[in-house]
Amino acid sequence: MSSSSSPQPDLSASTIFKEGHTAVITGASSGIGRATALYCVSKGMHVWMVDIDEEELVIAKELASSKTKAAEDAAAAASAKIEIRTVDVSDIKQMESLAKEVF
């Protein structure tokens with residue numbers, strides 16, 4: 001009996017974090033969420049920074065915008081787009097609204 005397995009997708013960072021790709025990052029105003037958003041911006045991605053704390057999101061966006069100038073690949077980072085949205089991820093209606101906006 002032969003088993004047929006489908007090829008596994010390439011989930012390496014070089015294929016996921018690419019210029020022009022879109023990322024929706026929750027918890028983007030601090031910690032791992034902010035670090036992930038900054039990394040995605042440095043790769044030239046369209047980044048949706050999402051958090052419940054609007055004040056901190058604005059600060060995080062300013063930081064992300066300033067990091068584009070110092071990025072390793074400045075040309076890619078310059079093409080990044082940054083959106084911020086205040087969303088309570090525990091509220092399904094807010095999440096559905098965000099999904100409609102993003103996709």
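Glutamate 101 is partly exposed, at 41% relative accessibility. Here buried means under 20% relative accessible area, exposed over 50%, and partly exposed in between (1.4 Å probe, protein chains only). The model is predicted: local features need pLDDT of at least 70, side-chain atom pairs count only at pLDDT 80 or more, and totals for chains, interfaces and linings use all residues. Residues are numbered from 1 along each chain as its sequence is written, and side-chain values use heavy atoms, with hydrogens and water left out.

Glutamate 101 takes part in a salt bridge with arginine 85 (2.6 Å, N to O). A salt bridge is a side-chain nitrogen of Lys or Arg within 4 Å of a carboxyl oxygen of Asp or Glu. Arginine 85 belongs to strand 3 (residues 81-86) and glutamate 101 to helix 5 (residues 92-102), so the pair ties together parts that are 16 residues apart in sequence. Helices (H or I, at least four residues) and strands (E, at least two) are DSSP runs, numbered from the N terminus. Arginine 85 also meets glutamate 83 in a salt bridge (3.5 Å, N to O). Glutamate 83 is partly exposed at 23% relative accessibility. Arginine 85 is partly exposed too, with a relative accessible area of 24%. Through shared partners, Glu83, Arg85 and Glu101 form one network. The protein has two salt bridges by this rule.

The protein contains five helices and three strands. Their order along the sequence is α-β-α-β-α-α-β-α. The C-alpha trace spans about 60 × 40 × 25 Å along its principal axes. Of the 103 residues, 28% are buried. Contact means heavy atoms within 4.5 Å. Among contacts with a separation of 6 or more, 62% come from residues 24 or more positions apart.

The largest nonpolar core has 15 residues. Such a core is a set of buried Ala, Val, Leu, Ile, Met, Phe, Trp, Tyr and Cys residues joined through side-chain atoms within 4.5 Å. Ile25, Cys40, Val41, Val47, Met49 and Ala64 have the most contacts inside this core. Two or more residues come from each of strand 1 (22-26), helix 2 (31-42), strand 2 (46-51) and helix 3 (54-70). Helix 2 gives the most, with four residues. Valine 47 is in contact with Ala23, Ile25, Ala37, Cys40, Val41, Lys81, Ile82 and Glu83, leaving aside its neighbours within four places in sequence. A second, separate core has five residues, including Trp48, Val50, Leu98 and Val102.

Alanine 13 lies in helix 1 (residues 13-16). This alanine 13 is partly exposed, at 39% relative accessibility. Alanine 13 and alanine 64 are 51 residues apart in sequence, and their C-alpha atoms lie 19 Å apart in space.

The accessible surface of the protein comes to about 6,800 Å², and carbon and sulfur atoms hold 54% of this surface. Accessible areas come from the Shrake-Rupley method with a 1.4 Å probe; for residues, only the protein chains shown count as cover. There are 10 positive and 15 negative side chains, and the centres of the two sets lie 5 Å apart. Lys and Arg count as positive and Asp and Glu as negative, while His and the chain ends are not counted. The place of a charge is NZ of Lys, CZ of Arg, CG of Asp or CD of Glu.
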